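Subject: Structure handover and notes

Dear colleague,

I am passing on the structure that we talked about, together with some notes on it. Please open it beside this message and read the two together.

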Amino acid sequence: MEQNTGIEFSPAATSQLAILKGYFPALNAKQVSQIEALYGLYTDWNAKINVISRKDIDNLYLHHVLHSLGLTTMIKFKAGSTVMDVGTGGGFPGIPLAILFPETYFHLVDSIGKKIKVGQAVAEAIGLENVSFRHCRVEEEKQQFDFVVSRAVMPLADLVKLVRKNVRKEQQNALPNGLICLKGGELQHEVLPFRKQALTINLEEHFKEEFFKTKKVVYVPL
């Protein structure tokens, strides 16, 4: 498992990593090692292929890794579950979730090939064995999963139409199969068509940092 990029942690990254570990104290040594390796790997790759805003790389652990793990406020995936991450970019939220849930299988999809290349390289470098990647549009992906996850890819109604075909009928989790999205800002209009069945969690109720004040997790059963 090759992880040494020769890139030292910035003070901001060190501080944010400590915050993340505080929220997830049950991480084992392997998971901590994998999460620690992400900073050097994404910093190195980001210099070649811009998958995270260059100004935001020092906020990797807060704005990207911890934000991705915000999905756990909605669900803890049961071992053997399958999850598709739509519009994963360089691997968010899929890679942090795959680290946290090693017995759940994650399939990461993006329409931009160079971003998938980064995600694959990062996953390989940290020894993630429960992930697969595909360079395609979500319309092209026909496999079915227990859940579809995404991070602010497109309006909720549009995403629901595209991924309904990808959600399997057989249930194995406490939460019925469906779509779980990380969203920000005002969502009343987006959620309106699904208001009778959708669930929304405000991340500021779980994470006290300013970044999470407008961040939400939205679930729609499908």
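How many aromatic pairs does the count come to? Before the reply, a word on the source: this is a predicted model, in which local features need pLDDT of at least 70 and side-chain atom pairs count only at pLDDT 80 or more, while totals for chains, interfaces and linings use all residues. Residues are numbered from 1 along each chain as its sequence is written, and side-chain values use heavy atoms, with hydrogens and water left out.

The count comes to nine aromatic pairs, where rings of Phe, Tyr and Trp (its six-membered ring) pair if their centres lie within 6.5 Å, and planes under 30 degrees apart count as stacked, over 60 as edge-to-face and the rest as tilted. One of them joins Phe77 and Phe106, an edge-to-face pair with 6.0 Å from centre to centre and 80 degrees between the planes. Because Phe77 lies in the loop between α3 (60-69) and β1 (82-86) and Phe106 in strand β2, this pair ties together parts that are 29 residues apart in sequence; helices (H or I, at least four residues) and strands (E, at least two) are DSSP runs, numbered from the N terminus. Phe77 is buried, with a relative accessible area of 7%, and Phe106 is also buried, at 0%, where buried means under 20% relative accessible area, exposed over 50%, and partly exposed in between (1.4 Å probe, protein chains only).

Val83, in strand β1, is buried at 0% relative accessibility. Leaving out residues up to four places away in sequence, Val83 touches Phe77, Thr104, Tyr105, Phe106, His107, Phe145, Phe147 and Val149, a contact being heavy atoms within 4.5 Å.

Helix α5 covers residues 113-125, and at 1.5 Å a residue its 13 residues should span 18 Å, which agrees with the 18 Å between its end C-alpha atoms; the expected span is 1.5 Å times one less than the number of residues. Its buried residues are Ile116, Val118, Gly119, Val122, Ala123 and Ala125, and they pack against α2 (29-46), α4 (94-100), β2 (105-110) and β3 (131-135). After α5 comes Gly127, whose phi is positive, near 75 degrees.

Lastly, the pockets. On a 1 Å grid over the protein atoms alone, a pocket is an open set of points where a 1.4 Å probe fits, with protein on both sides within 12 Å along at least five of seven lines, and lining residues have an atom within 4 Å of a point. The largest pocket has a volume of about 400 Å³, and of the 23 residues that line it, Gly87, Thr88, Gly89, Asp110 and Val153 are the closest to its centre. A volume here is the space filled by probe spheres set on the points, which are joined across faces, edges and corners. The second largest pocket has a volume of about 160 Å³; its lining includes Gly127, and the largest share of that lining, three residues, comes from α2.

With best wishes
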